Amino acid sequence: MVSGKSSKNARAGNRVPIAMSKPKPWGTIAAVLAVLVFAGGVFGYAYVQNSEQADKRAALAEYTPSETNKDPSEKIQGVVKQNYEAGKHVSGAQRVAYDHFPPIGGPHDEVWATCTGVVYPNPVRNENMVHSMEHGAVWIAYHPDQIKGADLDKLKVRAQGQQFTMLSPYPGLDKPISLQAWGRQLKLDSVDDPRVDQFISALRRNQFTYPEVGATCATNAFDPDNAPPFVAEKPGPDAVPMDGGTKAPDEKTGGQPGGQPGGQPGGQPGGQPGGQPGGQGQPSGQNPPPGG
């Protein structure tokens with residue numbers, strides 16, 4: 001006779017052992033998934049950005065200067081061209097009776113406005129800005145009553161920290177936006193117009209269209225935080241005419257005020273490389289705004 005104790009032991013021996021399952025590491029899984037999602041987002045964003053930059057470069061390829069494409073601005077509808085003699089200076093107390101507004105060339109102050117990607121919050125004296133364009137800079141001007149907020153931010157992105165570029169408001173402007181380079185101008189209604197980037201690509205430091213190739217945009221003689229202000233009144237009868245100004249000695253030898261190098265590479269005087277840019281354009285014909 002099997003005792004009760006033995007029977008219990010037998011039944012216990014016949015039991016199938018139950019496997020104890022370990023809890024899943026949900027925290028670790030969630031962390032890994034988060035890292036993968038973040039990495040995917042970063043790579044996706046980088047891909048999109050690189051793709052957009054590549055598309056932008058492709059779109060601007062025909063507006064990039066080269067030996068076979070010396071003045072791409074000729075392909076941009078609406079660009080006004082005018083020839084000017086380079087290196088004609090006026091004093092800080094003089095004004096010039098410019099023929100375009102904003103001006104795009106002619107006599108100018110011996111000190112150029114800093115054009116190392118400066119966003120000027122206030123209007124700046126014309127005569128200093130013109131000298132910067134003689135050095136190869138592009139000047140983006142805008143009507144302060146028409147370009148504000150997000151639109152102004154879009155222009156700032158194109159200028160802030162971009163060498164040989166400057167942005168400033170221009171009271172009395174007859175269009176919301178006006179782009180200037182030496183001897184070139186383009187007036188537009190919208191900051192989203194593709195011609196904004198086309199103009200900058202075509203003319204910023206284009207060695208074939210500005211006089212003083214190799215000149216700098218930096219100078220200790222001009223304080224961008226205390227820039228000479230734009231003068232609102234129309235120039236008087238004592239204003240320097242467009243064929244006036246004094247040929248500065250340092251311009252004749254290729255130098256720049258303040259000892260900055262300039263002029264043509266190889267020590268050539270700061271005249272137009274290969275002659276004057278473009279053909280003789282027509283003056284704008286508009287009356288000057290209150291100022292100049």
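Residues are classed by relative accessible area as buried (under 20%), exposed (over 50%) or partly exposed (in between), with a 1.4 Å probe and protein chains only. The structure is a predicted model, in which local features need pLDDT of at least 70 and side-chain atom pairs count only at pLDDT 80 or more, while totals for chains, interfaces and linings use all residues. Residues are numbered from 1 along each chain as its sequence is written, and side-chain values use heavy atoms, with hydrogens and water left out.

Two residues other than glycine have a positive phi in loops. Arg205 has phi near 55 degrees and is placed in the loop between helix 5 and strand 9 (246-247); helices (H or I, at least four residues) and strands (E, at least two) are DSSP runs numbered from the N terminus.

Residues are classed by relative accessible area as buried (under 20%), exposed (over 50%) or partly exposed (in between), with a 1.4 Å probe and protein chains only. The structure is a predicted model, in which local features need pLDDT of at least 70 and side-chain atom pairs count only at pLDDT 80 or more, while totals for chains, interfaces and linings use all residues. Residues are numbered from 1 along each chain as its sequence is written, and side-chain values use heavy atoms, with hydrogens and water left out.

Helix 5 (195-203) is mostly covered, with seven of its nine residues buried. Helices (H or I, at least four residues) and strands (E, at least two) are DSSP runs, numbered from the N terminus. The buried residues of helix 5 are Val196, Asp197, Gln198, Phe199, Ile200, Ala202 and Leu203. Just after this helix, Arg205 takes a positive phi of about 55 degrees. Val213 is found in the loop between helix 5 and strand 9 and is buried, at 11% relative accessibility. The C-alpha atoms of Val213 and Glu134 are separated by 8.7 Å, the two residues being 79 residues apart along the chain.

Other backbone features occur in loops. Phe164 has a phi near 60 degrees, a positive value in a residue other than glycine. Its place is in the loop between helix 4 and strand 6 (165-169), where Phe164 is buried with a relative accessible area of 7%. The peptide bond that joins Phe101 to Pro102 is cis, with omega near -5 degrees. Pro102 lies in the loop between strand 2 (88-90) and strand 3 (108-109).

Rolling a probe the size of a water molecule over the atoms shows where empty space is left. A pocket is here an open set of points on a 1 Å grid over the protein atoms alone, where a 1.4 Å probe fits, with protein on both sides within 12 Å along at least five of seven lines; lining residues have an atom within 4 Å of a point. The largest pocket has a volume of about 340 Å³, a volume being the space filled by probe spheres set on the points, which are joined across faces, edges and corners. Its lining includes Lys56, Leu60, Lys154, Arg158, Asp197, Ile200 and Arg204. Helix 2 (26-60), helix 4 (149-159) and helix 5 each supply at least two of the lining residues. By class, the lining of the largest pocket holds four nonpolar, three polar and five charged residues. For this division, Ala, Val, Leu, Ile, Met, Phe, Trp, Tyr, Cys and Pro count as nonpolar, Asp, Glu, Lys and Arg as charged, and the others, Gly among them, as polar.

Side chains of opposite charge can pair when their charged atoms come close. The whole structure contains 11 salt bridges, defined by a side-chain nitrogen of Lys or Arg within 4 Å of a carboxyl oxygen of Asp or Glu. One of them joins the side chains of Asp71 and Arg184 (2.9 Å, N to O). Asp71 is in the loop between helix 2 and strand 1 (80-81) and Arg184 in strand 8 (residues 184-188), so the pair ties together parts that are 113 residues apart in sequence. Both Asp71 and Arg184 are buried. Another salt bridge is formed by the side chains of Lys81 and Glu74 (3.2 Å, N to O). Lys81 is buried, with a relative accessible area of 14%, whereas Glu74 is exposed, at 55% relative accessibility. Asp71, Glu74, Lys81 and Arg184 are linked in a network of salt bridges.

The side chains of Lys154 and Asp192 also meet in a salt bridge (2.9 Å, N to O). This pair links distant parts of the chain, with Lys154 in helix 4 and Asp192 in the loop between strand 8 and helix 5, 38 residues apart. Lys154, which is among the residues lining the largest pocket, is partly exposed, with a relative accessible area of 35%.
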